[in-house]
Amino acid sequence: MSLIPSFFGNRGSSSIIDPFSWDPFEGFPFSGQLANASGPAREVSSFAGARIDWKETPEAHVFKADVPGLKKEEVKVEVEDGNILQISGERSKEQEEKNDKWHRIERSSGKFLRRFRLPENAKLEEIKANMENGVLTVTVPKQEVKKPEVKAIDISG
């Protein structure tokens, strides 16, 4: 039993009861920098990885983003520079009351931003977005890309 505390560092007596109260990466380069960060750096990076799926069907490009707990007013869907789909949002921190005693904070808060370069066949004027049960679905209809007209030239001589 004495090997475990020396291998994992001095975790104290609470580590036996709560195995999540210690940092397994303690001592490694960059360990704890995010955990010790404050302000916007911690908030942005804590929620920056909003998970988004992108599939292409014969009719459209469909993006599905998991944004649990967000209202549609807290999410923005925009097209930037003519062909960049931008999905962003923010989850606010829960208000702390003076008499509250927090035991654990695991739900993330902060901002997220994801960008996708849309292909040439995207109908930008017909993009639709829908949010249901914490999943944002953005549908980008496709148009047929016209093949360039080829004109044969007679060769003289």
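# Reading a predicted fold, strand by strand

Guide: Welcome! The accessible surface of this chain comes to about 13000 Å², and 51% of that belongs to carbon and sulfur atoms. Please keep in mind that the model is predicted.

Visitor: How many bridges hold E2 and E7 together?

Guide: For a pair of strands, look at the bridges and at the direction in which the strands run. E2 and E7 run antiparallel and are joined by seven bridges. One example to find on screen is valine 62, whose bridge partner in E7 is threonine 139.

Visitor: And what do E6 and E7 form?

Guide: They form a hairpin, with two residues between the strands. Asparagine 133, in the turn, has a positive phi of about 55°. Strand E6 covers residues 128–132, and its antiparallel pairing with E7 extends over five bridges. You can trace the pairing through asparagine 130, which has threonine 137 as its bridge partner, and through methionine 131, which stands opposite leucine 136.

Visitor: E7 keeps coming up. Is E7 mostly covered or mostly open?

Guide: To judge a strand, check its residues for burial. E7 is mostly covered, with five of its seven residues buried. Across the chain of 157 residues, 21% count as buried.

Visitor: Which residues have the most contacts inside the largest nonpolar core?

Guide: For a core, look at who is in it and where the members come from. The largest nonpolar core has 16 residues, and Phe63, Leu85, Ile87, Leu136 and Val138 have the most contacts inside it. Strands E2 (60–66), E4 (84–91), E5 (110–117) and E7 (135–141) each give two or more residues to this core. The largest share, three residues, comes from E7.

Visitor: What does leucine 85 touch?

Guide: Set aside residues up to four places away in sequence, then list what remains. Leucine 85 touches Phe63, Val77, Glu78, Arg114, Arg115, Phe116, Leu118 and Val138.

Visitor: Where is the place of glutamate 126, and how exposed does it count?

Guide: Glutamate 126 is in the loop between E5 and E6. Its relative accessibility is 35%, so it counts as partly exposed. Leaving aside neighbours within four places in sequence, glutamate 126 is in contact with Thr139 and Pro141. Glutamate 126 and proline 141 are 15 residues apart along the chain, and their C-alpha atoms are separated by 6.6 Å.

Visitor: What share of contacts in the chain join residues at least 24 apart?

Guide: Take the contacts between residues at least 6 apart in sequence: 53% of them join residues at least 24 apart.

Key:
Residues are numbered from 1 along each chain as its sequence is written. This is a predicted model: local features need pLDDT of at least 70, side-chain atom pairs count only at pLDDT 80 or more; totals for chains, interfaces and linings use all residues. Side-chain values use heavy atoms; hydrogens and water are left out. A nonpolar core is a set of buried Ala, Val, Leu, Ile, Met, Phe, Trp, Tyr and Cys residues joined through side-chain atoms within 4.5 Å. Buried means under 20% relative accessible area, exposed over 50%, partly exposed in between (1.4 Å probe, protein chains only). Helices (H or I, at least four residues) and strands (E, at least two) are DSSP runs, numbered from the N terminus. Contact means heavy atoms within 4.5 Å. Two strands pair if DSSP finds at least two bridges between them. Accessible areas come from the Shrake-Rupley method with a 1.4 Å probe; for residues, only the protein chains shown count as cover.
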